[in-house]
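Subject: Structure handover

Hello,

Here is the structure I promised to pass on. Please open it and keep it beside you as you read.

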Amino acid sequence: MNASPTVGVVMGSKSDYEVLLPCLDLLREFAIPHEARIVSAHRTPDWLFQYAEQAEPRGLKIIIAAAGGAAHLPGMIAAKTILPVLAVPIPSTCLQGIDSLLSIVQMPKGVPVATLAIGKPGAANAALLAVAILAGHDAELGNRLRSWREARRREVLEAELPG
């Protein structure tokens, strides 16, 4: 994207990228300037702190953070910025993301993280929530979101079952 990013999408490892594709696709569909980065809470903590602390001065408005296992990334980012952090638990262990979900939603009072569903549905909804937040200050974006939702409504009403 040519414009400065307004949404940062971070993930704990490259293997999380596939889970985040629905998020990235929707951000592109809505023409939201964004960036995607690997930021590991455990392997690159100094980079995590730098990314989070510089996010607001760089012009980011929202950070979408995806993490699996212990899933510390969203909470650690939220601890270092006042920007809204939208978390996507990744189904990366034998617990299929339940461990990540429980880790993320147990944030202490004062460090909020908005947590979405596990995996690709949560990734898509994180993008749509980011669009909705940004639409509060952008009427044209709000109209595009209304049109997108109307198209989903029509898909359901016009769906035909076989036979």
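Predicted model: local features only at pLDDT ≥ 70, side-chain atom pairs only at ≥ 80, totals over all residues.

Start with the strands. Five of them form an open sheet, in the order β2-β1-β3-β4-β5, and the pairing is parallel. The edges are taken by β2 (34-38) and β5 (114-115). Each of these has a single partner strand, so one side of each has no neighbour in the sheet.

Now look at the pairs around β4. Strands β3 and β4 run parallel and are joined by six bridges. Here Ala66 stands opposite Val88 of β4. Strands β4 and β5 also run parallel, with two bridges between them. Ala87 has Thr115 in β5 as its bridge partner.

**Strand β4**

Is β4 enclosed or open to the outside? Six of its six residues are buried, so β4 is largely enclosed by the rest of the structure. Check both faces. Val85, Ala87 and Pro89 are buried on one side. Leu86, Val88 and Ile90 are buried on the other.

**Helices on the sheet**

The unit made by β3, α3 and β4 is a right-handed β-α-β unit. From β4 the chain crosses through α4 to β5, and this β-α-β crossover is right-handed too.

Helix α3 covers residues 73-80 and lies across β1, β3 and β4. It runs at about 150 degrees to β3. Helix α4 covers residues 98-105 and packs on the sheet, where it touches β3, β4 and β5. The direction of α4 makes about 155 degrees with that of β4.

Which residues of α2 (residues 45-55) are buried? They are Leu48, Tyr51, Ala52 and Ala55. Look down the axis of α2: the buried residues fall within an arc of 90 degrees, so they line one face of the helix. Their cover includes β1, β2, β3 and α3.

Ser40 sits in the loop between β2 and α2. Its relative accessibility is 7%, and buried means under 20%. Therefore Ser40 counts as buried. Leaving out residues up to four places away in sequence, Ser40 touches Gly12, Pro45 and Leu48.

**The cores**

In soluble globular proteins, nonpolar side chains tend to be buried together.

In this model, the largest nonpolar core has 30 residues. Those with the most contacts inside it are Val7, Val9, Cys23, Phe30, Ile32 and Ile64. Several elements each supply at least two residues of this core: β1 (7-11), α1 (17-29), β3 (62-68), β4 (85-90), α5 (120-135) and α6 (139-158). The largest share, nine residues, comes from α5.

Best wishes

Technical notes: Residues numbered from 1 in each chain as written. Heavy atoms only, no water. Core = buried A, V, L, I, M, F, W, Y, C linked by side-chain atoms within 4.5 Å. Buried < 20%, exposed > 50% of the residue type's maximum accessible area, 1.4 Å probe, protein only. Helix = DSSP H or I, 4+ residues; strand = E, 2+ residues; numbered from the N terminus. Pairing = 2+ DSSP bridges. Contact = heavy atoms within 4.5 Å. Axes fitted to C-alpha atoms, helices over the stretch in contact; angles between N-to-C directions. Arc of directions from axis to C-beta. Right-handed = clockwise from strand over helix to strand, strands pointing away.
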